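Have a look at the structure first.

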Amino acid sequence: MKTYSVIFLVFAIVVTGCGNKKKEEKSDQLRGNISISGAFALYPMAQKWAEEFMKENPDVRIDISAGGAGKGMTDVLNGMVDMAMFSRSVSPEEESNGAWKIAVAKDVVLPTINAKNPVYTELVTRGLTKEEFEKIYITQEINNWNQLKLKGSGAINLFTRSDACGAAEMWAKFMGGEQADLKGVGVFGDPGIADAVKNDIKGVGFNNIIYAYDFKTGKVQDGIGIIPIDMNGNGKIDKEENLYSDMKLLTGAIREGKFPEPPARPLYFICKGKPDNQLVVAFLRFILTKGQQWVEESGYVQLPDAMIEAELKKLD
């Protein structure tokens, strides 16, 4: 009888110990929901990060919607989402209303043209200076290609963004203006403006890199051409300015600081105040560590190591 009692006692201890261990392991697992809205620029990258994070944490659900940086900021400050995807500088007013930012990657806004436009071939070797871009996109002093004394000519059908967005703000900032200064027919979203340019042989617009290039092939999207920036203003695209034939060539130049900012810029996640939601903190920490391995292959620019370290400290 005593033997049976000892065996039963040992069995009870083992079972209890295993049960506590199992319970302990469960308590360490992440679970819950994260809601995100905002910039089209960051949307594809955010989707990839969310997908990989949820693979590691099957009890987590991350819902993401793109509607423009302005919508994202409004949503997060009003408590409608946990985080906003953001693609421009945060204004002092937004900061005073509680906007807290953390940089997660970089990209660039690029001037686009219909690839079948007769002047495109000439623009590839000539490029446009910042002042010439300003005369097209802001003052509209130039509305026909013959005003630039190109061999080709034709009206410029200009497209801009109708939604409050970081791409328009940063493209305008490159030329010394703001989104409201940009002229053209308003089109919603990055995919919308890319389609508008593709469908109009006279079309000219601007897009984030991920919508101007096919990130799988690294080549410019079919139907779209990139207008090179003549950075030194000498009337031609020099070897060091010839960066647009392959996406990795361009992202490499941005990473090495050889491309102007703007139109290159950091991309952010925004929270209302420093996040105390441990699931949000864990996701942001994942993005800045393990998540950086997918940045380059997804068509974005990885943050420098020193910048990643500085951003991680914001989460401590």
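The lining of the largest cavity splits into six nonpolar, four polar and two charged residues (Ala, Val, Leu, Ile, Met, Phe, Trp, Tyr, Cys and Pro count as nonpolar, Asp, Glu, Lys and Arg as charged, the others, Gly among them, as polar). Bear in mind that this is a predicted model: local features need pLDDT of at least 70, side-chain atom pairs need 80 or more, and totals for chains, interfaces and linings use all residues. Numbering runs from 1 along each chain as its sequence is written, and side-chain values use heavy atoms, with hydrogens and water left out.

**Cavity**
- On a 1 Å grid over the protein atoms alone, a cavity is a set of points where a 1.4 Å probe fits but cannot get out, and lining residues have an atom within 4 Å of a point.
- The largest cavity has a volume of about 30 Å³, that being the space filled by probe spheres set on the points, which are joined across faces, edges and corners.
- Its lining includes F40, R161, C165, D190 and N208.

**Strand β3**
- M83 and M85 point one way from β3 (residues 83-86), A84 and F86 the other, and all are buried (under 20% relative accessible area, 1.4 Å probe, protein chains only).
- Strands here are DSSP E runs of at least two residues, numbered from the N terminus, and two of them pair if DSSP finds at least two bridges between them.
- β3 runs parallel to β1, with three bridges, and G38 stands opposite M85.
- β3 runs antiparallel to β11, also through three bridges, and F86 has Y268 as its bridge partner there.

How values were computed
1 Å grid on protein atoms, 1.4 Å probe; cavity = no way out; pocket = protein on both sides within 12 Å on 5 of 7 lines; lining within 4 Å. Buried < 20%, exposed > 50% of the residue type's maximum accessible area, 1.4 Å probe, protein only. Helix = DSSP H or I, 4+ residues; strand = E, 2+ residues; numbered from the N terminus.
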